[in-house]
Structure formats: structure tokens, C-alpha cells
Amino acid sequence: MFKRVLIANRGEIALRIIRACRELGIESVCVYSTADRDAPYLKDADEAICIGPGPAKESYLNISRIISAAEIANADAIHPGYGFLSERADFSEVCRDCKIEFIGPSPEAMGKLGDKVEAKRYAKAAKVPVFPGSEGAIEDPEEAVEVANEIGYPVIIKAAAGGGGRGMRICRNEATLRTNISKAQQEALAAFGNGAVFIEKFLEHARHVEVQVLGDKHGNAIHLWERDCSMQRRHQKIIEEAPGPGIDRKKIEKICESAARLVKSANYAGAATVEFLMDEKQNFYMLEVNTRVQVEHPVTEMITGVDIVQMSIRVAAGEPIPYKQKDIQIRGHAIECRINAEDPDRDFMPSAGVIDRYRAPGGLGVRIDSHVLAGYRVPPNYDSMIGKLICWADTREQAIERTSRALHEFEVGPIKTTIPLHARLMQNTDFRRGGVDIHYLERLLKG
Ligand code: ADP
């Protein structure tokens with residue numbers, strides 16, 4: 001097992017990894033930017049090293065500074081968390097060259113599944129259902145039109161290296177498809193350093209259902225069932241839950257098994273998420289594979305009892321997964337609300353500043369994953385998420401009531417947060433019925 005792990009991240013996920021390390025008897029080293037110098041979780045780590053100023057490019061995205069910090073601290077592994085460098089195969093490779101274990105997939109496995117076009121190829125081979133669409137990257141508008149005529153409009157243009165909901169264009173006819181292809185290629189090149197784009201069928205009414213998978217270095221892979229993350233705004237998830245409400249268990253079991261097969265076929269060690277869209281008839285189409293731990297991993301932990309972050313560390317250290325597939329049973333229901341420092345009444349304007357009032361909820365089945373305390377200053381430099389509320393109960397109805405109750409207790413001020421929006425959504429009859437689609441929240445906010 002590792003002696004010291006460096007955490008190349010910040011905020012709640014840095015704290016989450018510090019906690020996992022401590023429970024495993026591993027020392028943690030946390031890097032931070034000057035914008036995070038007063039972050040309370042730095043005290044929980046065994047060592048904290050400043051790696052540069054606030055802008056991520058000069059700190060959390062700066063590979064040479066992070067590697068230097070790891071060498072100075074004598075860390076034998078690096079956990080990248082999510083975002084920042086977590087999905088960069090070049091970073092995974094630099095770690096390997098420096099003889100520091102990257103806690104995540106090898107650069108090869110990341111190359112196979114992290115690229116959307118490549119992942120689709122592997123998915124087809126592993127019999128994972130994928131969207132009808134182009135076989136590989138699209139070179140010119142003629143090719144795009146040909147594929148679109150075959151699969152029918154609307155279609156969506158996506159970047160092979162895309163992420164964070166950026167670089168996607170929906171085309172409802174040939175004219176828009178023609179004008180959008182080269183624009184999308186240029187945009188992808190500028191945003192992701194890779195101009196490859198592809199097209200697939202666009203689903204009007206879909207739910208986002210994803211499967212948590214774990215692979216190890218001994219050729220084993222298991223799934224930890226699914227999460228429903230359909231409550232989204234601008235392609236960003238707001239609420240996630242597990243298991244997915246109303247989904248045919250026989251169908252989802254097959255999908256989950258296919259996701260585990262895919263990860264195994266890529267010789268993938270670590271935590272991965274295979275994302276799908278599900279149509280009204282509960283047909284599944286793979287969206288992409290996320291080659292890292294995800295923000296919403298706690299709902300899966302709550303229903304399975306498996307510590308996903310600890311598992312990511314243990315498999316990176318070479319341990320085999322200590323579970324068989326049949327050991328992974330679902331117990332109860334869990335819901336996660338992302339608490340963002342944004343004003344839902346003002347078009348989700350970011351609301352940075354000092355938190356004077358802070359009272360976190362508690363009680364049975366209530367979990368808070370957050371780095372925030374009273375007196376904490378939310379820096380304007382990063383993602384607006386300041387924490388996650390995760391509630392577990394025996395049934396979905398009880399989990400909703402518990403979440404509602406916890407939100408009632410949750411007090412954060414004077415900055416604005418998404419807490420009131422979540423409180424409102426817990427009372428929403430469509431959400432309570434289960435199975436809202438991915439555009440539901442935007443329709444609701446407009447109306
Ligand atoms: P990213 O990596 O940028 O998050 P994804 O491929 O995961 O991109 O897609 C993000 C979101 O975009 C999905 O959750 C869904 O809301 C929407 N989307 C993507 N592809 C399709 C599609 N073929 N049909 C309908 N919606 C889509």
C-alpha cells in the first residue's frame with residue numbers, strides 16, 4: 001500500500017480523498033493555490049504545499065508544479081479527483097515516467113475510453129448499446145449529411161475530446177448541419193486541442209442514467225449499479241439519485257453488466273462511469289465514459305456500502321477488488337443535491353464571498369460532503385459547488401422527505417446558494433413521481 005498520497009485537487013473532493021487516505025492509514029499531501037490558502041481542509045492533510053496563484057493554469061492544472069510538489073513531499077502516488085488533470089492521459093503518463101503511481105487508469109486505458117470516438121468503438125465490441133451515428137470522426141460536411149440522412153434528424157454534433165457539456169450543436173436539418181460542422185471543428189480545436197467531431201442521433205426526451213464501474217489490475221471489473229442524473233441545467237447535473245426510479249431491473253442489470261464488460265475489455269484499473277441516455281421505452285444509448293471518480297459517487301456508496309474513493313486507491317496500489325459481482329446488492333435509496341454558490345433567482349449568477357452563517361443538517365441517513373465552514377470565503381476562481389447533501393433512506397419517498405427535512409435545516413449565508421431551489425424541487429410532483437427527463441428543469445425554470 002502507498003505511504004503518502006498527493007491530492008492534485010481542491011474543495012470537497014480534496015477533503016473526500018484526505019478522509020479516505022486517513023482511514024486507510026495513508027498520509028495525505030494536499031496542494032493548494034494562494035486563492036485556497038485558508039481552506040479549512042488543508043489542516044486535515046498531513047502536509048499542504050502551495051503550488052501557485054489562483055488561476056488554475058498556474059496551479060491545479062500545472063503538471064510540472066504538481067510533480068515537483070510530489071517529489072518534494074516524497075509522495076508515492078497522486079490522486080487527481082475529478083476535473084482539473086483527472087482525465088489527462090499526458091498527466092497519467094508523466095506520473096508513470098516519474099515513478100509516481102497515478103490513481104486512475106493507465107494512459108493507454110484512458111486513451112481507449114476517454115476519447116468519445118474510441119470509446120464508442122470499444123463499446124460496440126463489448127456489446128454496449130451506442131447511439132446510431134458516424135463510425136468515427138467526421139471529416140467534412142458531405143460525410144455528415146450522408147450519416148444524418150441515414151439516422152434521421154435531429155442529430156447532434158459533438159467533440160471527440162469534449163467535456164463539461166461544451167462544444168455540442170443540435171442540428172434539425174441539412175442546412176444547419178452543413179454550416180455547423182466546420183464551426184464545431186474549430187471550436188473543438190480551440191477548446192480541447194483536438195478538432196475531431198462526430199455526429200449521433202439526438203434524443204428529444206431522454207433520461208441520463210449512468211453506471212458506476214470498478215476495474216483492477218488483475219483483469220477484474222464489477223459494476224455498482226446505476227445513478228439517475230436527469231435533473232440538469234445547461235448539461236450540468238443538479239440532483240443525482242440511486243437507484244434510477246422506475247427502471248426495469250432486468251433491463252438495467254444487462255446494461256450494468258455491459259458497462260463492466262467494456263471497462264474490462266480496456267484493461268482499465270480504477271473507478272469509471274459509463275454514461276447513457278435512456279429513451280421513453282427504456283432503450284439505452286451510451287454517451288461516454290468518464291475515467292475518474294465522479295461528483296455524484298456518494299449516492300452509489302450509500303446504496304451499496306462500497307467506499308469508491310478507497311477502492312480507487314486500493315486498486316491503484318495493486319490490490320484485487322475484494323468483491324464479487326453478487327456481493328454488490330442495492331439497499332435503500334439515496335439522493336444527492338449539489339449545493340452551488342449561485343443565485344437561482346438571478347439566472348444562477350455566481351455568488352462568491354464570505355460565509356458568515358453556516359449550519360449543516362444532521363441526523364440519520366444525512367451526509368454532507370463539503371469543505372465549507374462558517375467564516376469560509378468562497379473564492380471566485382473555481383467551480384461554484386460548495387458541497388453536496390446526500391440523504392439515504394429505505395425507500396425513495398422516505399429519501400425525498402429526509403432530503404426535504406435536511407434542506408430545511410441547512411443554512412448558508414449571506415451568499416446565495418441553490419438550497420432554496422432544491423427545497424422547491426423536493427416538493428415538485430413530477431420529480432416525486434420519478435423519471436423527469438434531462439430538459440425538465442430548464443422547462444420548469446422558464447415557465
Ligand atoms: P460532456 O462530456 O460534455 O458532458 P456528454 O456526451 O456527456 O458531454 O453529454 C452531456 C449532455 O448533453 C447529456 O447529459 C445530455 O443532456 C446532452 N446530450 C448529449 N448527447 C445527446 C444526444 N445524442 N441526444 C440528446 N441529448 C444529448
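Predicted model: local features only at pLDDT ≥ 70, side-chain atom pairs only at ≥ 80, totals over all residues.
Which hand does the crossing of H6 and H7 have? The crossing of these two helices is right-handed.

Helix H6 spans residues 141–151 and helix H7 spans residues 174–192. Their axes come within 9 Å and cross at roughly 145°. On the H6 side the contact involves Pro141, Glu142, Ala144, Val145 and Ala148, which meet Glu174, Leu177, Arg178 and Ile181 of H7. Sorted by kind, the residues of this contact are six nonpolar, no polar and three charged.

H6 can also be read by burial. Its buried residues are Ala144, Val145, Val147, Ala148 and Ile151. Around the helix axis they cover an arc of only 165°, which puts them on the same side of H6. The face turned away from that buried side carries Glu146, Asn149 and Glu150, which are exposed. The cover over the buried residues of H6 includes H7, together with strand E6 (155–159) and strand E8 (197–201).

Helix H2, residues 63–73, can be described in a similar way. Ile63, Ile66, Ile67, Ala69, Ala70 and Ala73 are its buried residues. They lie on the same side of H2, because the arc they cover around the axis is only 155°. Ser64 and Ile72 are exposed, on the face of H2 turned away from its buried side. Among the elements that cover the buried residues of H2 are strand E1 (4–7), strand E2 (27–33), strand E3 (47–52) and strand E4 (77–79), and helix H3 (89–97) is another. After H2 comes Asn74, which has a positive phi, near 60°.

H3 leads on to H4. The axes of H3 and H4 come within 8 Å and cross at roughly 170°. That angle makes H3 roughly antiparallel to H4. In this contact Ala89, Ser92, Glu93 and Arg96 of H3 meet Pro107, Glu108 and Met110 of H4. The contact residues divide into three nonpolar, one polar and three charged.

Helix H4 (residues 107–114) also meets helix H5 (residues 116–125), and here the axes come within 5 Å and cross at roughly 85°. H4 and H5 are therefore roughly perpendicular to each other. Gly111, Lys112, Leu113 and Gly114 of H4 make this contact with Lys116, Glu118, Ala119 and Tyr122 of H5. Its residues divide into three nonpolar, two polar and three charged.

Is Gly244 buried or exposed? Its relative accessibility is 6%, and because buried means under 20%, Gly244 counts as buried. Leaving aside neighbours within four places in sequence, Gly244 is in contact with Arg207, Glu226, Asp228 and Arg249. Gln282 is 38 residues from Gly244 along the chain, and the C-alpha atoms of the two are separated by 11 Å.

Methods:
Residues numbered from 1 in each chain as written. Heavy atoms only, no water. Axes fitted to C-alpha atoms, helices over the stretch in contact; angles between N-to-C directions. Helix = DSSP H or I, 4+ residues; strand = E, 2+ residues; numbered from the N terminus. Left-handed = near helix turned anticlockwise from the far one by under 90°. Contact = heavy atoms within 4.5 Å. Nonpolar A, V, L, I, M, F, W, Y, C, P; charged D, E, K, R; others polar. Buried < 20%, exposed > 50% of the residue type's maximum accessible area, 1.4 Å probe, protein only. Parallel < 35°, antiparallel > 145°, perpendicular 65-115°, else oblique. Arc of directions from axis to C-beta.
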